[in-house]
Structures are given as C-alpha cells and as structure tokens.
Amino acid sequence: MSDILVSEQSAPGSGGSGRPSGRLLEVDDLRVEFRTRDGVAKVINGVTYHVDAGETLAVLGESGSGKSVTAQTIMGILDTPPGFVTGGQVRFHGKDMLRMSAEERRRIRGEGIAMIFQDALSALNPVFTVGFQIAEQFRVRRGLGRAEAKKRAIEMLDQVKIPNAKGRYNNYPHQFSGGMRQRAMIAMSLALDPEVLIADEPTTALDVTVQAQIMDLLAELQRERQMGMILITHDLGVVADVADRIAVMYAGRIVEEADVYDLYAKPAHPYTLGLIDSIPRLDEKGQQLRTIKGLPPNLMNIPPGCPFNPRCPMAQPVCREKVPPLLQVGPARASACHFAEELVNRV
Amino acid sequence: MGRYLLRRLLQLVPVFIGSTFLIYWLVWSVPGDPFAGKCGERRCPDQYVAYMTEKYHLDQNVFVQYGNYMKNLLQGDFGQTFSQRDIGDIIATAYPNTLKLALVALAIEAVIGLGAGILTGLRRNGFLDNLVLVSTLFLLALPVFVVGFVLQWLLGVQWGIVKPTVSSEMRFSELIVPGFVLGSASVAYIARVARTSIAENRRADYVRTAIAKGLPMRRVVGVHLLRNSLIPVVTLLGTDLGALMGGAIVTEGIFGINGIGREVYRAIVTKESATVVGIVVVLVVVYLLMNLLVDLLYAALDPRIRYE
C-alpha cells in the first residue's frame, strides 16, 4: 500500500510513465504553470502521489506550495487561463483523466472523486437552500424525483450529524454556522458516494473546537465508506490524527513522503524538520517561536538546484547546482534531499 | 415581509404628494394665457374666461387648487380638458397602447440584452464579445430618433419587411420594430451589465463547486451562475419598465402609436394643463410601484436580503 513512486523531478516536461499499477488515484509527474502578464510561474514541477481505497494521504505545505493547484487539476477545475497543465498524468483507476473527454471527466466528478473546499460560505451557492444543493446531486446526477431526492438529502444531512436535518433542509447557507456549513458541504460532496474525497483545508476557516469535530467526522466517514482521502492542509496537528501517509510539498514538488510516525519521529528533509520544529511547544512557553527563515521562492524564478537551498540550514554547494530527485530512503519513505540518508540515520 | 411592505407603501404617500404637487404647481405656473387660441381667431369672451376660471379654480392659490384636484382625483375623477373631454377617458384609451409597447420593448431588452450579456460574459475577449461591445457602443451613442427613423425607412420603406407605422389594432408583429427602437439604448446597457455580472460570478467559488459536483455545464451556467448574476440585471429591467411605461414621446411619434407619450406631448403643446397633470400623476404612481416591485424582487432572487 505504501511503496513510494519515484519520480525524476529534474527532467523538464517529461510526460507520465503511463504504466498501469492498479491504484485508485495517482498523480504522476504532474506539471502545471500559470501564464500571467508578468511571466510564467511554474506552480507544479513534477508532483507524484497516489491514494488507495481506505487510506488517507495528507498533503502538507505552505500557501503557494502547489497543494491546492494539484487538487484542482485532479478535479479539472483549474482556471485556464492562467493555469495550464504542461506534463504528467492524473490516473483514476489507471485511466489518464487529462486525456478524457470533458463529458467523461464530468461524470467522474462527484461520483468518482469529490471535493470539499476551505470556505464553505463562499463555496455554497448563497441563493439556493442547503437542501436544494444536496438534493440537486440526486436529481441531476441520479435522476431521482423531487420527493425521493429530498428524502436522500435529509439522510445525508443526518449522516453528517446536523441536528434537526429535516428542519434545516430549507435553510440557506448564511443561516448556518461555520461548522454546520462545512458539514453541509461534506454531505453534498458525499451524496454520490465517491471513491476519493479531496478535502482542501476543510477546517482552516473554523474555530479550533469545531475543527476537531469536523476532522473527526471526516475521519469517521472515510473509515465507514472506505474512501481514499486526500487531505490538504498546512496544519501539522490536524495531520497527525487522521493521516496514514504524508506528502510534504515545497515550491511545486514533493520533498518528502512518509507514513505519519516516521515523518514525525525522523524527518528526512530539512524543510519537514523546520516545519515540525516550528510547532509551538508548551514546555517552551515565553520563548521566541521558532520559524523557518526566509520566504518560499518566487515561482517565476525558482533558484537553481534544490528550491529549498536559500532557506536550508544544511545547504552545501551541491544543493545550489543539482536538483535532488525524490528517492527512496527507507522501506516506505522518500525524500528529495541530497543529505536524506544523513538525516534519517542521525541519532 | 408584511410589515416591510406596509412601511414601503406608507413611504409612497409623502413621495406621491410631494411629486404630484410639484408637477401641479409647475404645470399651472407655466407663463402664458391658458385660453389663448381656444376660441378660434377671436379673444375668448369674458363670460367664457370667467366660467373656466371658476371651474378650474384659477383665481385661487395653488394649494387650494391642488387640494381640490386631489380630492377629485382620489374619487377617480381626473377632471376634464378645456374642450370638456374626460381626461380619465384619454388615459384609459392611450395607456393600454403604451403598456403593450413597453412590454414588447422590455421583452426585447431581456432576451437580446441578457442573451448577449451571458454569451459575452462567458467568453470574454472573443470575436462575439468585441462585436457586442462595438454594437452596444453604437446603440448607446445614437439618439433614439435616429435609430427609429433609420429602421423605419430601411425596414418599412426600402425593404418593405414591416409596415412603416403601427395600425390602431396594435398587433404584436407590428410592435417588434418600435419595441426594439424604444429598448435599443437599454438593450445595450443590459448587455453590458449582464456581461460584467456574469464574468465576475464566473470565477466565484460556488460556480467552481457546481462544476466540482459534476453538474452539466448547462446547469452550472443556467442555474447556479445565472441566478446570482441576474440581481443587477433585474434592477435595471425593473427601473427601465417604470421608465418605459412613462410612454415614449419619440418612438410613439415616429411609428404613429396612440400612446400616453403622444397624449402628454399634445397636451403640453396645446397648454391642456389638466391633462398633463393627470397623465404625469399616473406615471408617478406607476414608477413608484415598479420601484417597489424591484425591491421585492431582490428578496426573491437573493435570500440574504431580508426586510425587517
């Protein structure tokens, strides 16, 4: 379940390998750029990850690392222009979705792969009731009648533990609280029983107490339905509880992939190490918070060599010359660092 | 909702009184002798002038006059012209014609304006977008009477596709060209507002959600995008309907339509002040009610708007 696909990130513009592997959803050497008036930003530079039924992959990274753009490319909701896919594959059941007809892709959305968004208030249509937006899935996609669709929508609201689901059916999104809205969003995306759920920072806009409830709900639904889940987040705390594997992204690449325990115990990339170190700790109360110095690179002008080298405390001359490929460093983990072995083997 | 409606209707009262009073005052204080030319070549006999002055309370101050007028009006009596015709009858004959023309113009605005706006808003900077931008600019720049005469001459006289004037039966097919002329400037406005609105909402999060749900593009645009983009367009259409129902002096004149615009024009020229006031009062009421209707439509289109 968790062997790591190795990609050659340094090869520019190379297409995906296209070999079938029996995986549910795999992203293979994906490359996306944004063509803007000011220049071309290379947002995704060879991302490879996969998710299987019943497992949760967390994609971790700062804003601008490309985690959301990857998700949008999988869903086929990338704004084009400015976004253009320049290479790679997104395979669902072994079939490259980037080569499918628009109609084929549409049918996968919602039924094969569904997505929940960060801000449910703006992601739900303000002028339709929550019930309508859920029932719409049953009516349009399943061809059910009005009454039956309504019944199923209320069942969905019940499943995401919205109290008084029947009464809430006719409420508009702005009449829901933040947490309830995100629950409604989840109900809507799970309506057609998708095989993969992509959750793009599902708890970022919520109170901390509500965050935990929503994550618990997501984890529970994922287990019940044996879905593959891609959880996009920048919150290490969220990840630890629910993820099976973690892929860390930086400047449009995967820099480290490992299972949760390994990643926290012994990060194999200095960026991951920096992220873990910058979690505020209770036993260091009153001291200055630790951060990773510097800023993520300008994607229109990514530094040569390892993109992390300007901020890396371990940087050596080789880091400024050669892009480190994502290589296996253990039984089930990979890192894109020239010194991954040293990091893993240190005491 | 009920309380809001009541409050809005009550607000109409001072607006109605204020605007009708201003009109009354303005129209009757236009300089010139209202009886000049009423009796052919001669000066009107003193008896006639005295009778008419008495009848229209012309010797009293404007407040008393207005009060009398309103008293009659509230009983449904619009008064009479100097030639003893009931003004209520004039309005009742002319108004349906204006209404028909206004509805045809509105339908043309909605269909062409909204259609062009949606198509260009979805595909900005394409050929169609530029075509619509240029042609709407053209329509906006041309005065109505130019559009009217050119279309009448071209379609009615040169090519003979339509009859150059509208018959008294006011058939729907005859009203298409006048309706387009009347709505031409608004078509351009509506196309542009709809285009901007669609283009803005096209990138909205909820549209992305609708696509991610796997809904067919037809439904994403026709249901999710359109409903949100319609709000500014409906405002424009609603206020425009109020204006259209005020009659179209130029368009009605060009196509020989016996509508309210022509009547008010005729009344102004012949100094039939009572007719002018009567018609304008009706127009004020129609306009106010249309505005109220637009405000109520907002709530129907956007549930976030609640009237308390």
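This is a predicted model: local features need pLDDT of at least 70, side-chain atom pairs count only at pLDDT 80 or more; totals for chains, interfaces and linings use all residues.

In chain A, 8 strands form an open sheet with mixed pairing, in the order β6-β7-β8-β3-β9-β10-β12-β11. The edges are held by β6 (113–116) and β11 (327–330) of chain A; each has a single partner strand, so one side of each is left without a neighbour in the sheet. From one strand to the next, the twist averages 25°.

Within this sheet, β9 (residues 245–250) and β10 (residues 253–259) of chain A pair in the antiparallel sense over 6 bridges. Val248(A), for example, has Glu256(A) in β10(A) as its bridge partner.

Helix α1 (residues 67–75) of chain A lies across β3, β6, β7, β8 and β9 of chain A, and runs at about 145° to β7(A).

As to annotation, an unreviewed UniProt entry lists residues 25–276 of chain A as "domain: ABC transporter". That span is 40% helix and 28% strand, and its end C-alpha atoms lie 28 Å apart.

I turn to the contact between the chains. Chain A contributes 22 residues and chain B 20 residues. On the side of chain A that touches chain B, α4(A) gives the most, with 3 residues. The residues of that side divide into 10 nonpolar, 5 polar and 7 charged.

Finally, helix α3 (residues 62–74) of chain B has 13 residues and reaches 18 Å from its first C-alpha to its last. α3(B) is followed by Gly76(B), with a positive phi near 85°.

How values were computed. Residues are numbered from 1 along each chain as its sequence is written. Chains are lettered from A and ligands numbered from 1 in the order in which they are written. UniProt positions are given in the numbering used here, feature names are shortened, and annotations may be inferred rather than shown by experiment. Helices (H or I, at least four residues) and strands (E, at least two) are DSSP runs, numbered from the N terminus. The expected span of a helix is 1.5 Å times one less than its number of residues. Two residues are in contact if their C-beta atoms, placed from the backbone, lie within 7 Å. Ala, Val, Leu, Ile, Met, Phe, Trp, Tyr, Cys and Pro count as nonpolar, Asp, Glu, Lys and Arg as charged, and the others, Gly among them, as polar. Two strands pair if DSSP finds at least two bridges between them. Axes are lines fitted to C-alpha atoms, for helices over the stretch in contact, and angles run from 0 to 180 degrees between N-to-C directions.
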